[in-house]
Amino acid sequence: MRTTVGIIGAGPAGLLLARLLHLRGVDSVVLEARDRAYCEQRQRAGILEQGTADVLRAAGAGARMDREGLPHNGIELRFDGRRHRIDFPSLTGGRAVTVYPQTEVVKDLIALRLAEGGPLFFEAEALAVEDAESPSPRVRYRHEGGERQLECDYVVACDGSWGVGRSAFPAGTARVFERGYPYAWLGVLAETPPSSAELVYARHERGFALLSMRSLELSRLYLQVPAGTDAARWSDEAVWDELDHRTGTPGAGRLERGPITSRSVTAMRSLVHEPMRYGNLFLAGDAAHIVPPTGAKGLNLAVGDVVAFARGLAHERRTGSSRHLDAYSELCLRRVWQAERFSYSLTTVLHRDPEGTEFDDRLQLARLDRIATARSAATHLAENYTGLPFPLD
Ligand code: RFL
Ligand code: PHB
């Protein structure tokens, strides 16, 4: 099989890239290791930056998001018995975010891809990218019991943090910058209306807690837990009690409890793979970088990468100049490092470091107090949370 762009992975990055290329008249083939139901049900992100929502609309993938997504104009910080709201539009010249689950973004993009008739193969696992430095790189993959080859002009590995794309960089051509954190998130999905209209980020002596949502009927809740925690060891009652304890402030009321339908523990790490290109192989999304989830940046970074690739390729086709495509890695990495910085900073100001000292506690409170009292500090948070400009914007 032959195509212009071979895309590995049908997560948000791969699916959106296929759609953006289709709209620019560029053919592509998407190879996805898992089945469709798995891709559509994997519980992950919930927050779309302003720019991400705009890109989905421009790609014709925004209709259901605009009907069912929830526009959010702010978040609430809770710390030291205080509640403080950050109002996005007034601090950013009108920008906001949308609560629309990643599962739904993925469903919408899969439906569009199948409707437009573009090739999307499920249960097609890429095994290796070969001849990446040549003008015709290949993806070797397994599908329907046999091994096959996809010949391409470009390969974009959108295969997440454990994919094969990264391993096609020969030794010495890339560097990985990485950082771990001594804590993790226990995330639960609960069949109960969100107890607050906006997301609540709480810093507490016993650890961080986040009250989020998937819809007006479904809550998504997170607790900081020690790295390596077994989710099964937390009873439903213990989860609710701890959420109440960490998010409770005078006047906040108790959380509305409901059945917990899923639970999982997510490790926290930061990782950047530099560069994001080798020859005609490009990395996009989690394949190139990981952020701790606190800043809600992962999916939005993935969108920025594939927008940059699609714009760069379209520019080359239109003008014959590979200038933008050549700058892909550099342009994406600038935005990636800004998101790494923001995610790190929000993570470390809100989580309890088990090795931390009382001095660190005081410093956290001082940083939060600054956000609550200085417009410049609140503006900084709001600008980063609602999203910095995409490459080539
Ligand atoms: P994905 O979604 O991991 O998709 C990669 C796809 O590639 C497939 N694959 C392969 N296919 C073929 N051959 C192979 N060899 C393959 N190897 C892998 C996989 O099956 C999969 O379908 O990566 P992508 O597209 O880069 O998207 C990235 C986002 O999924 C991720 O950054 C976000 O979910 C991160 N994230 C959040 N991001 C936000 O922007 N806002 C949020 O609110 C937010 N909350 C979160 C999050 C991630 C979380 N977890 C679980 C890590 C909350 C959590 C708890
Ligand atoms: C989520 O709803 O999954 C979510 C929201 C905000 C975050 C992280 C995760 O910062």
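**Note on a predicted two-ligand chain**

1. The chain has 12 helices and 19 strands; these are DSSP runs, with helices (H or I) of at least four residues and strands (E) of at least two, numbered from the N terminus. This is a predicted model, in which local features need pLDDT of at least 70 and side-chain atom pairs count only at pLDDT 80 or more, while totals for chains, interfaces and linings use all residues. Residues are numbered from 1 along each chain as its sequence is written, chains are lettered from A and ligands numbered from 1 in the order in which they are written, and side-chain values use heavy atoms, with hydrogens and water left out.

2. On overall form, the radius of gyration is 21 Å, which agrees with the value near 21 Å for a compact globule of 393 residues. That radius is taken over C-alpha atoms, and the globule rule is 2.2 Å times the number of residues to the power 0.38. Along the principal axes, the C-alpha atoms fill a box of roughly 65 × 40 × 40 Å.

3. Ligand 1 is surrounded by 34 residues, the closest being E32, R42, Q102, D286 and L299. A residue is counted here if one of its heavy atoms lies within 4 Å of the ligand. By class, this shell holds 16 nonpolar, 10 polar and 8 charged residues. The classes are as follows: Ala, Val, Leu, Ile, Met, Phe, Trp, Tyr, Cys and Pro are nonpolar, Asp, Glu, Lys and Arg are charged, and the others, Gly among them, are polar.

4. Three elements, α1 (12–23), β9 (124–130) and α8 (298–319), each supply at least two residues of the shell around ligand 1. The largest share, 4 residues, comes from α8.

5. Taken alone, ligand 1 exposes 1000 Å², and the protein buries 89% of that. Accessible areas come from the Shrake-Rupley method with a 1.4 Å probe; for residues, only the protein chains shown count as cover.

6. Ligand 2 has 13 residues around it, with Y201, S212, R214, Y222 and T294 the closest. Its shell contains 8 nonpolar, 3 polar and 2 charged residues, and β13 (199–203) and β14 (209–213) each supply at least two of the shell residues. Ligand 2 lies between domain 1 (5–70 + 101–177 + 268–372) and domain 2 (181–266), because both give residues to its shell. The domain bounds come from an automatic or database domain assignment.

7. For ligand 2, a polar side-chain atom of Y222 is 2.6 Å from an oxygen atom of the ligand. Ligand 2 alone exposes 270 Å², of which the protein buries 97%.

8. S161, in the loop between β11 (146–157) and β12 (175–190), is buried, with a relative accessible area of 15%. The C-alpha atoms of S161 and A287 are 4.8 Å apart, although 126 residues separate them along the chain.

9. S270 sits in strand β16 (residues 260–274) and is buried at 8% relative accessible area. Its side chain makes a polar contact of 2.6 Å with the side chain of Y181. A polar contact is a pair of N or O atoms within 3.5 Å; within protein, one must be able to donate a hydrogen and the other to accept it, and residues adjacent in sequence count only if both atoms are side-chain atoms.

Key
Buried < 20%, exposed > 50% of the residue type's maximum accessible area, 1.4 Å probe, protein only.
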